Amino acid sequence: MPKRILTDVPDKYQQPDENLGDRVVRNTRELVSYNSSSHIRIWYNNQPEGYALHSHDAFEVFICIQNNYEIHANNIEYILQEGDILIIPPGMLHEYINDKRGVRFIYLIEMKQFFKSRDYKAIEALFFNAFLINQKTCPDIYSRVYQLFMDMNSVYFTNANFWETIIYDKMYQVFIEIYKHSENSVKSEESQNTSQSITRINALLRYLDINYAEDISTEQAANYTGFSKYHFIRIFKLQTGYTFHDYLTLKRIKMAEKLLSTDTPITEIAFQTGFNTLPSFCRTFKKYTNYSPSDYKKVIQNNSSTNHTNL
């Protein structure tokens, strides 16, 4: 990890808590020091160096203000332009690749209860990878979401009363906007019974949250919703961004990633997450993550060294 290069931060973006500690990464797991015993930390960042591979329990949001910035999340490369917003879900390995000056805001917001909630299941598929919001990807919600994050800055850096509650309120509004975006994707193609279509697909997603390891075909999923197979395939892709097969596979991969951070044997993980054989699990896991299960386990469980850095 290169030594952090000190840069000047404008007075209005100084951390409100002078005792706020450094960001610390140990074996790719970041130990976050939050502001004033809260579960939120926001940075005005203008450092020219990047930040090594890591993950954490919080949602991370990255907004480019000046110049572009390269981020790798879940082995996908994002070149963010000015104004772009990237939301990285909890537990996802990511790194910043940078060698030039610029300005960006970085938000770490821990939302464990929402992550487990019924409402989150309706948009979970959008966070199988990092979620990019800009004028091109989400023209229907971009301006509103951008303003919500700027409003978060206003209360955080001024240390206003109830600033944590206000920020959580605005973060929930962000997720509501993202859900609206998902609805709009369906409405743009569906002329009738839009609400019914969304409700039925959401019911299926909640079912899969419990039964993802079962052998469920596209035909069975369509029958569960009451749609014809053709209609189901179209609506499911519109609402989630994935085919049913890809969604179910990614759901299993995400559960496998969680289990690989435990002492559960890899063979047992394969069968617990719905794969019929260990080779098929290893092959599929590497296809979607670029890691073999054993390599992924080493990345997130390596205790042979400790890595510290600031941001």
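Before looking up any helix pair, I noted that axes are lines fitted to C-alpha atoms, for helices over the stretch in contact, and that angles run from 0 to 180 degrees between N-to-C directions. My helices (H or I, at least four residues) and strands (E, at least two) are DSSP runs numbered from the N terminus.

**Ground rules.** I am working with a predicted model, where local features need pLDDT of at least 70, side-chain atom pairs count only at pLDDT 80 or more, and totals for chains, interfaces and linings use all residues. Residues are numbered from 1 along each chain as its sequence is written, and side-chain values use heavy atoms, with hydrogens and water left out.

**Entry: the whole chain.** I found 11 helices and 11 strands. Of the 311 residues, 50% are buried; here buried means under 20% relative accessible area, exposed over 50%, and partly exposed in between (1.4 Å probe, protein chains only). I then looked at contacts, meaning heavy atoms within 4.5 Å. Among those with a separation of 6 or more, 74% join residues 24 or more positions apart.

**Entry: α8 against α10.** I started with helix α8 (residues 244–259) and helix α10 (residues 278–289), whose axes come within 10 Å and cross at roughly 95°. That makes α8 roughly perpendicular to α10, on a scale where angles under 35 degrees count as roughly parallel, over 145 as roughly antiparallel, 65 to 115 as roughly perpendicular and the rest as oblique. From α8, the residues D246, T249, L250, I253, A256 and E257 meet F281, T284, F285, Y288 and T289 of α10. I sorted this contact by class and got six nonpolar, three polar and two charged residues. For the classes, Ala, Val, Leu, Ile, Met, Phe, Trp, Tyr, Cys and Pro count as nonpolar, Asp, Glu, Lys and Arg as charged, and the others, Gly among them, as polar.

**Entry: α10 by itself.** Helix α10 has 12 residues and reaches 16 Å from its first C-alpha to its last, close to the 16 Å expected at 1.5 Å a residue. The expected span is 1.5 Å times one less than the number of residues. Which residues of α10 are buried? I listed S280, F281, T284, F285 and T289. Seen down the axis, they fall within an arc of 135°, so they line one face of α10; the arc is that of the directions from the helix axis to the C-beta atoms. Turned away from that buried side, the other face of α10 carries the exposed residues P279, R283 and K287. N290 follows α10 and has a positive phi, near 70°.

**Entry: α7.** Helix α7 (residues 229–240) also went into the notebook. Its buried residues are H231, F232, I235, F236, Q239 and T240. They cover an arc of only 125° around the axis, which puts them on the same side of α7. I remembered the general point that an α-helix has 3.6 residues a turn, so residues three or four places apart point the same way. What covers the buried residues of α7? The cover includes α4, α5 (194–211), α6 (218–225) and α8. Just after α7, G241 takes a positive phi of about 90°.

**Entry: N184 and Q239.** These two are 55 residues apart along the chain, yet I read 8.7 Å between their C-alpha atoms. N184 sits in helix α4 and is partly exposed, at 31% relative accessibility.

**Entry: α3 against α4.** I found these two packing at about 170°, with their axes 9 Å apart. They are therefore roughly antiparallel to each other. The contact includes R144, L148 and M152 from α3, and W163, I167 and K170 from α4. Its residues divide into 11 nonpolar, one polar and four charged.

**Entry: K251.** Is this lysine buried or exposed? K251, in helix α8, is buried, with a relative accessible area of 2%. Leaving aside neighbours within four places in sequence, I found K251 in contact with E124, F128, L208, D209 and Y212.

**Entry: two positive phi values.** Most residues other than glycine have a negative phi. I noted N67, which is not a glycine, at a positive phi of about 75°. N67 lies in the loop between β5 (59–66) and β6 (69–73) and is partly exposed, at 30%. F162, also not a glycine, has a positive phi of about 60°. I placed F162 in the loop between α3 (142–157) and α4 (163–187), where it counts as exposed at 65% relative accessibility.
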